[in-house]
Amino acid sequence: MKRVDSIEITVTVGDQSGFRPSPSGGYRAPGAAPLGSVIMTDGAVALWIHGGGWYSRETNDVSWLERLGLHVVHARFRLSGEALWPAQLDDVRAEARAARVAGAPFIVAGDSSGGHLALHLGLRGIDRPGDVDAIMAFEPPVDPLAEDWPRARAEGNPWDRLLGHVPAPGDAATRDCTVTTHVGVGTPVLLLHGLDDTAVPPTQSLDLAAALSRAGHRVHTLITDGDHGELEFTRPDIHESVRHFLERTV
């Protein structure tokens, strides 16, 4: 059986829907512009939230977002060794208040644990639900209680460090930090995940996409070839998925 290395799932509410496989690294949206060309974003600001399992700071080259016409601001937040959840959300909210520009679209984006925080910030809002224009989350951890992810409930796991205890059913902090608890405001979401991700299962993004769709969000999801932390954001399939999402939402 031939391996499918990249799948793009686009779910839109009140609009057309699509599902199509594409070769790894070879996806090009119909009529796509050349890589690196600027799109019209009306001076949009993107708050980028770093990954690192909530306990370290990983650096990412996000100049590719700037080449798409976004003004990128890097957020900082207290790590899990400095403060427990929800201090991280409090901090990125404060960073967002300082970064947003009146009248300009505001996007939140992040990779890995930064994607988790971007989802919380975008879905729950800076000051109120709905005050973020779009969310882009790359390989995000979403639900520590997912049946296919027992490692998320192991002692010493990053979720354990974030909460101060192992995630558990019925626990208020576990429920609060689970992204699917907060869907329903309608903010457009882009989810991107590696098919070969051994750290955060790609089902985390797929299950979230389904929950978002049921709640009325416009969702664009790309599951593509690659392991955790190995996705090249300038790769054609990834680049065009981001471009398409921004053109539709900003």
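**Burial, cores and ring pairs**

Tutor: In α3, the residues Ser-113, Gly-114, Gly-115, His-116, Leu-117, Ala-118, Leu-119, His-120, Leu-121, Gly-122, Leu-123 and Arg-124 are buried. The model is a predicted one.

Student: What makes α3 a mostly covered helix?

Tutor: The count for α3 is 12 buried residues out of 12, where buried stands for a relative accessible area under 20%.

Student: How do you know that the reach of α3 is close to the expected one?

Tutor: From first C-alpha to last, α3 (residues 113-124) reaches 16 Å, and 16 Å is also the value expected for its 12 residues at 1.5 Å a residue. Just after α3 comes Gly-125, with a positive phi of about 90 degrees.

Student: Which residues touch the most other members of the largest nonpolar core?

Tutor: That core has 39 residues, and those touching the most other members are Leu-47, Ile-49, Phe-106, Val-108, Leu-119, Leu-121 and Leu-191. Elements that supply at least two residues each include β3 (45-49), β5 (106-111), β7 (189-194) and α6 (203-214). The largest share, 5 residues, is that of α3. A second, separate core of 23 residues includes Ala-46, Val-72, Ile-107 and Ile-238.

Student: Which residues is Phe-106 in contact with, leaving aside its neighbours within four places in sequence?

Tutor: Among them are Val-45, Leu-47, Ala-96, Ile-126, Val-132 and Ala-134.

Student: Why is the pair of Trp-64 and Phe-138 called as it is?

Tutor: The structure holds 7 aromatic pairs. For Trp-64 and Phe-138, the ring centres are 6.1 Å apart and the planes stand at 75 degrees. Centres within 6.5 Å make a pair, and planes over 60 degrees apart count as edge-to-face. The pair is therefore edge-to-face. Trp-64 belongs to helix α1 (residues 63-67) and Phe-138 to strand β6, 74 residues apart, and the pair links these distant parts of the chain.

Student: Are Trp-64 and Phe-138 buried or exposed, and how do you know?

Tutor: Trp-64 has a relative accessible area of 3% and is therefore buried. The value for Phe-138 is 0%, so Phe-138 is buried as well. Ring pairs also link Trp-48, Trp-64, Phe-138 and Phe-233 into a cluster.

Student: What makes Trp-149 and Trp-159 the kind of pair they are?

Tutor: Their centres are 6.2 Å apart and their planes at 80 degrees, so this pair is edge-to-face. Trp-149 is in the loop between β6 and α4, whereas Trp-159 is in helix α4. Both Trp-149 and Trp-159 are buried.

Student: Why is Gly-186 not counted as buried?

Tutor: The relative accessibility of Gly-186 is 32%. Buried requires under 20% and exposed over 50%, so Gly-186 counts as partly exposed. Gly-186 is found in the loop between α5 (172-177) and β7. Leaving aside neighbours within four places in sequence, Gly-186 is in contact with Gly-216 and His-217.

Student: How do you know where on α6 its buried residues lie?

Tutor: The buried residues of α6 are Gln-204, Ser-205, Leu-208, Ala-209, Ala-211 and Leu-212. Seen down the axis of α6, they fall within an arc of 165 degrees, so they line one face of the helix. An α-helix has 3.6 residues a turn, so residues three or four places apart point the same way. The buried residues of α6 pack against α3, β7 and β8 (219-224).

Definitions and conventions: Residues numbered from 1 in each chain as written. Predicted model: local features only at pLDDT ≥ 70, side-chain atom pairs only at ≥ 80, totals over all residues. Heavy atoms only, no water. Helix = DSSP H or I, 4+ residues; strand = E, 2+ residues; numbered from the N terminus. Expected span 1.5 Å × (residues − 1). Buried < 20%, exposed > 50% of the residue type's maximum accessible area, 1.4 Å probe, protein only. Core = buried A, V, L, I, M, F, W, Y, C linked by side-chain atoms within 4.5 Å. Contact = heavy atoms within 4.5 Å. Phe/Tyr/Trp six-rings, centres within 6.5 Å; stacked < 30°, edge-to-face > 60°. Arc of directions from axis to C-beta.
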